[in-house]
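I opened the model to look up a few things and kept these notes.

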Amino acid sequence: MSAVLTRRPGLGRLRSARAPLHLACLGFVALVVLAALLAPWAAPDDPNAVDLGNALAGPSPDHLLGVDAAGRDTLSRLLLGARTSLLGPLGVVAFSTVAGVLVGLVAGWRGGWLDSVLSRSTELVFAFPGMLLAILIVSVYGEGLLAPVLALAIAYLPYVSRLTRSLVLAERERPYVSAYRVQGHSAAQICLRHVLPNIAPVVLAQSTINFGYALMDLAGLSFLGLGVPALTPDWGRMVFDGQTAIQHGYPLSAVLPCVLIVLTVVAFNVVGERWADRVARRTP
Amino acid sequence: MNHPEERVNALDIRGLRLHLPGAARPVLDGVDLTVAPGETVALVGESGSGKSLTSRSALGLLPPGATTGGSVLVDGEDVLTMGPDRLRALRTGRAAMVFQDPRAAVNPLRRIGDFLTEGVRRTGVLGKADADRRAAELLDAVGLGPELLRRYPGQLSGGMLQRVMIAGALMGDPVLLLADEPTTALDVTSQAEVIALLGQLRERFGTGLLFVTHDLGLAAAISDRVHVMYAGRIVESGPAEALFERPRHPYTAALLAATPRLDARPGRLAAIDGQPPDLRQDLTGCAFAARCPYATGLCHEEAPGPWPVACHHPLEGNPADD
Amino acid sequence: MNFLRFAARRLAEMAATLLGASFVVFGAMYLAPGSPASFLLSGRSASPAALQAINEQYHLDDPFLVRYLRWLGQVLHGDFGRSITYRTDVSTLLADRLPATLTLVAMALLVVVMIGLALGWIGAVRGGATDSTILLTTTLAVGTPSFVAAVLLQGLFAVKLGWFPTSGTGDGFADLLWHLTLPAVALALYLIGMLARVTRSAMLEALDGEHVAVARSRGVPEREVIRRHVFRNSLGTVLTTGGLIVSTLLVCTILVESAFSIGGIGQLLELSTSTKDFPTVQAISLLIVALFMTVNLVVDLLHPLVDPRVTLGARRSEA
């Protein structure tokens, strides 16, 4: 029988067992980013070069990962697709982080009516799942990457601003803030020089996790044909295009982007969560 | 009550040794202790002295990876060699424990009635109606009304909740009640009530009570006999009054001097210098030697025998009063 | 009991948020470049007669606020206007397609709750290698978008193995369930992972509670300790994910219905978005938001019943 107030057996082992996973994920993130950066030079073929006579061919020396139903080189499309597939989420995360921190900082620091207006509108945005808001905007603007990125950024903003607000509220109560105030430092100075650097790790960890979600949402929109324009190489779009190939029994051109999407999302999740764990343990 | 052989001790611990993985020496090192039916015995010591481990061993609650030696007889049966089924039967019946913090010990999501009856009901000892009736009786015995059965723990004060804990411990009609610092988490008035209640109940139900505390004064007030524990060993035992008036082990004396007393002159509180010995280091000689003002070379080399005072140089006079 | 007052307040809050949401859904149309009339007609022949009809239907000559209120009044009476693509009432369109979607979502919800809770339970209680395996599997699951799961499951179980139909909804209810099995699993996968992780960590936290050790010390059998003191105590946390689970199901059904060509409202939303059939998009968006908020309301009302420590009116969202 177990004793009073002991932690679960195996938890310690689990922590150490997860370290290699974390390293592998970190490595994978680096690899994908590198592939996206070097894609134009690394891609063996023009991703849009159509070769219908060769459609659905398997891996060969010419096409290392085969070709899709339109005869386009899968490897080249995957490499260049990494660019769009990462750039979109990057836009979402960058915008939602910057705007969210700004809004959360002002609301947390100033409080009052600004704060209540913010929490009202936050509730409204929470009622709209990110993907739904994106679809609504796309239905107005038509397809393209910019509209869904902006819509998702707005949908993700409340998560960042709410986190920032609570962090700022806690930070404001700490003695060093009043010490600086007494010394005549302005609120903006204190926020910029001290509060912001202190809360940054937590917010950035949240944004890393958001990156994975944004990637899933944007890939989903591309899968629906509502994201990137048809010819742009993109993993979500490749899954959509690959559906025909699957029906004909040649799954490679659809399965590979699927695998890349899953691995990339998992890698960002694991890295972000580990980071969040570590940050949470450091701050009291 | 159910046991005609009155002479069987409620609790009989003989030479209990307990080893934890990673510790250089036993956490419990030859503990001997008895509680007769209807008797109150106090186990006193600093935190980390092994007093809680000793009392928990009577329910078979051992830390993971612990290895044991010696025997722990509850109502004549060895707990250390029991299988899970017998252990469960022991816990619902003959032995029960009152914990330190009733707020943490009672599940906040379940009603008081559920807390009281679940031990006996889930093991099929009593049916629902019988269990509810007994729960109401025991609530009455601890001075609470039966309407509490339908309440949630969050609606009760800490003192009331500790009474509920005590009622819950009595559900299986135990021969042995273990109380692990049952008043530490309570405010002062509730403390006095709980202590008085424990005394009454012991008399009424004839239960043996092992009272674990760090408070020597409280121990003396409630118990027939007191064991003082230090670094996994019992260093001094005796009737409460004698021990209180004339401590013979220097540790007991130091503990008494560190306890605030109403009848003592002010300004005489003396903290004990130093720290209890580290579990990660092996120990030769008396565990208290490093902190003892009377220690000699012998104390550092050879562990003193256990009985009646585990000390090479027991005090003869009455240093607490001089 | 101030339960009724609490319920009334939450209901009023929900109505306010829904009002805001309806404003967003209505106003989005005016973000479009060009005039609303050309947007609503986009791409289609803009004959004077068609323009006239659009103007009449949407009262485009009225001020914005009047138009909004008129539209809102119609929506409250269940009138979402006419679909531009299908040339029928949007409400009829929805009524035709809602059953398939609701069946799919219900099936997925069942799978999520059963498997998610079971995996979380087993992981927390067993520990060790079992737990690590579950943790790794659920980590993969929460990284798998539903459309990826849909395409992979379709490729393996429908195309390659031929165990399930590849698309459509079949004839009759039994056939519908048969056709919806793979889609439901695809829809559920991500949420199984999420729910399992939430359940697992909530149960681990409960396991650490002293009341668990106390229950064991009182001779309560281990299985009962887990059920009554660990699982029961984690339910409050699990319940708060209810709103998120349902909203995720409703959104992801758009992807899964498209992948499996299921004629539900998800597929309808996708089609009407790409054909710019705005009245239909408005109706479905509003419907999804309303469903999501209703579930959230129910969760809020249930929470005090599941956890007596939760005082009525304490706001979860600001905790």
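I took helices (H or I, at least four residues) and strands (E, at least two) as DSSP runs, numbered from the N terminus. For the expected span of a helix I used 1.5 Å times one less than its number of residues. The model is predicted, so local features need pLDDT of at least 70 and side-chain atom pairs count only at pLDDT 80 or more, while totals for chains, interfaces and linings use all residues. Residues are numbered from 1 along each chain as its sequence is written, and chains are lettered from A and ligands numbered from 1 in the order in which they are written.

Entry: chain C. I found 13 helices and zero strands in chain C. The C-alpha trace of chain C spans about 85 × 55 × 35 Å along its principal axes. Of its 319 residues, 42% count as buried (20 or more other C-beta atoms within 10 Å of a residue's own, with C-beta atoms placed from the backbone).

Entry: helix 6 of chain C. I checked residues 128-141: these 14 residues should span 20 Å, and the end C-alpha atoms are 20 Å apart, which agrees. Buried here are C:Asp131, C:Ile134, C:Thr138 and C:Ala141. Seen down the helix axis, the buried residues fall within an arc of 85 degrees (taken from the directions from the axis to the C-beta atoms), so they line one face of helix 6. An α-helix has 3.6 residues a turn, so residues three or four places apart point the same way.

Entry: chains B and C. I looked up contacts (C-beta atoms, placed from the backbone, within 7 Å): 21 residues of chain B touch 15 residues of chain C. Helix 2 of chain B gives the most to that side of chain B, with four residues.

Technical notes. A residue is buried if 20 or more other C-beta atoms lie within 10 Å of its own, exposed if 12 or fewer, and partly exposed in between; C-beta atoms are placed from the backbone. Two residues are in contact if their C-beta atoms, placed from the backbone, lie within 7 Å.
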